Amino acid sequence: MEAKRKKEIDRFFELYKEVTENSQPDPGFTERVISSLKNTPSERIPEREKRRGFWFFIPSAAAVAAVLLFFYVHSRVTTKKAMDYSFLLSPEVVVEEAIQTGSSVHPFVGYDVLESF
Amino acid sequence: MIDPAEKLREGDKDAWKNFIEKVSPSLFRLAGRFFKRKEEVEDAVQEAFLRCYKYRNSIKKGLSLDTWARKVTLRVCYDMLEGMKKSQAASLSSLTPEEIEVLRGSLRENTGSTVESSVSLRDIFDKLLDHLSPMDRMVVVLSEIEGFTAKEVGKLLGISTASAKMRRFRAKKQLSKALKELTGDTHGS
């Protein structure tokens, strides 16, 4: 059955090719086209495409830059907060807390402070 | 020797005349694959030359002018087919019993079509192809009738090779289904 269908469609294309073969320009065609070309202005596609691409690029780049800036500022603020927090605690408080909770001492606490305990 | 493309870019009248005379026959044959009426074929080719002239500054050095003209013509044909598609009703249902009989007879025969029957055959074939999307129709005509490979079809129509293959497969399947519906009884299916 498949072979029959294939034969049928091959025959279809063969006949289609045959019945669509005879399109030819008439003798006056070239002259008609030449006369209609006179009023056609020339345009340069690539330049227009480039301009379109440029104006499309600006908002896209601005959006990407804004997102990157947000993440950068956010990371700086959170790092700053964490660092400030560690420095706001006095070494004594840190060591006291470490003794109570049994955790290790913050690395910023100097040896001299540890000795005082 | 001056590059012919350079002369075309400059808008040289003689260069354009030679170019039109040289590529017109192949463009007429190409457009004739999609349109039956002579006026439609001529409109498509003329519009293609107008677009070629309009965008002559975009001709790149070393580019095959024939291929460029063919690509522009196909684009015009696609636009025209898209425009026609909107105004077309369901094409398969519009086939008359006589047309279905002619189709059955022609597909059964192994000899070439006669001149009298080729006139109505064209209408029948167009109705069959009209129910494909314009792009699928172009892909199947270029590959099955013009003999281009999927890669060449992709380049000519500005689509990927994979897309060209997929569209060809889909179009052939749709056509096969339509032919089965119309002529199935004669094959005893």
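## An aromatic pair within chain B

B:Trp16 and B:Phe19 lie 3 residues apart in helix H2 (residues 13-32) of chain B, so about one helical turn separates them. Both positions belong to a predicted model. B:Trp16 is buried, and B:Phe19 is buried as well.

## Aromatic pairs across the structure

Over all chains, a search of the whole structure finds 11 aromatic pairs. One of them is formed by A:Tyr16 and B:Phe125, whose rings are 6.1 Å apart centre to centre, with 50° between the planes, a tilted arrangement. This pair joins two chains, because A:Tyr16 lies in helix H1 (residues 2-19) of chain A and B:Phe125 in helix H6 (residues 115-130) of chain B. Both A:Tyr16 and B:Phe125 are buried. In the pair of B:Trp16 and B:Phe19, the ring centres are 5.5 Å apart and the planes stand at 85°, so this pair is edge-to-face.

Ring pairs also link residues into a cluster that comprises A:Phe29, B:Trp16, B:Phe19, B:Phe28, B:Phe49, B:Tyr53 and B:Trp68.

## Helix packing between the chains

Helix H2 (residues 29-37) of chain A packs with helix H3 (residues 38-54) of chain B at an angle of about 40°, and their axes are 10 Å apart. The angle makes H2(A) oblique to H3(B), and the crossing is right-handed.

From H2(A), the contact is made by A:Phe29, A:Arg32, A:Val33, A:Ser36 and A:Leu37. H3(B) contributes B:Glu42, B:Val45, B:Gln46, B:Phe49, B:Leu50 and B:Tyr53. The residues of this contact divide into 7 nonpolar, 2 polar and 2 charged. Among the contact residues, A:Phe29, B:Phe49 and B:Tyr53 are also members of the ring cluster.

Notes
Residues numbered from 1 in each chain as written. Chains lettered and ligands numbered in written order. Predicted model: local features only at pLDDT ≥ 70, side-chain atom pairs only at ≥ 80, totals over all residues. Heavy atoms only, no water. Axes fitted to C-alpha atoms, helices over the stretch in contact; angles between N-to-C directions. Helix = DSSP H or I, 4+ residues; strand = E, 2+ residues; numbered from the N terminus. Parallel < 35°, antiparallel > 145°, perpendicular 65-115°, else oblique. Left-handed = near helix turned anticlockwise from the far one by under 90°. Contact = heavy atoms within 4.5 Å. Nonpolar A, V, L, I, M, F, W, Y, C, P; charged D, E, K, R; others polar. Phe/Tyr/Trp six-rings, centres within 6.5 Å; stacked < 30°, edge-to-face > 60°. Buried < 20%, exposed > 50% of the residue type's maximum accessible area, 1.4 Å probe, protein only.
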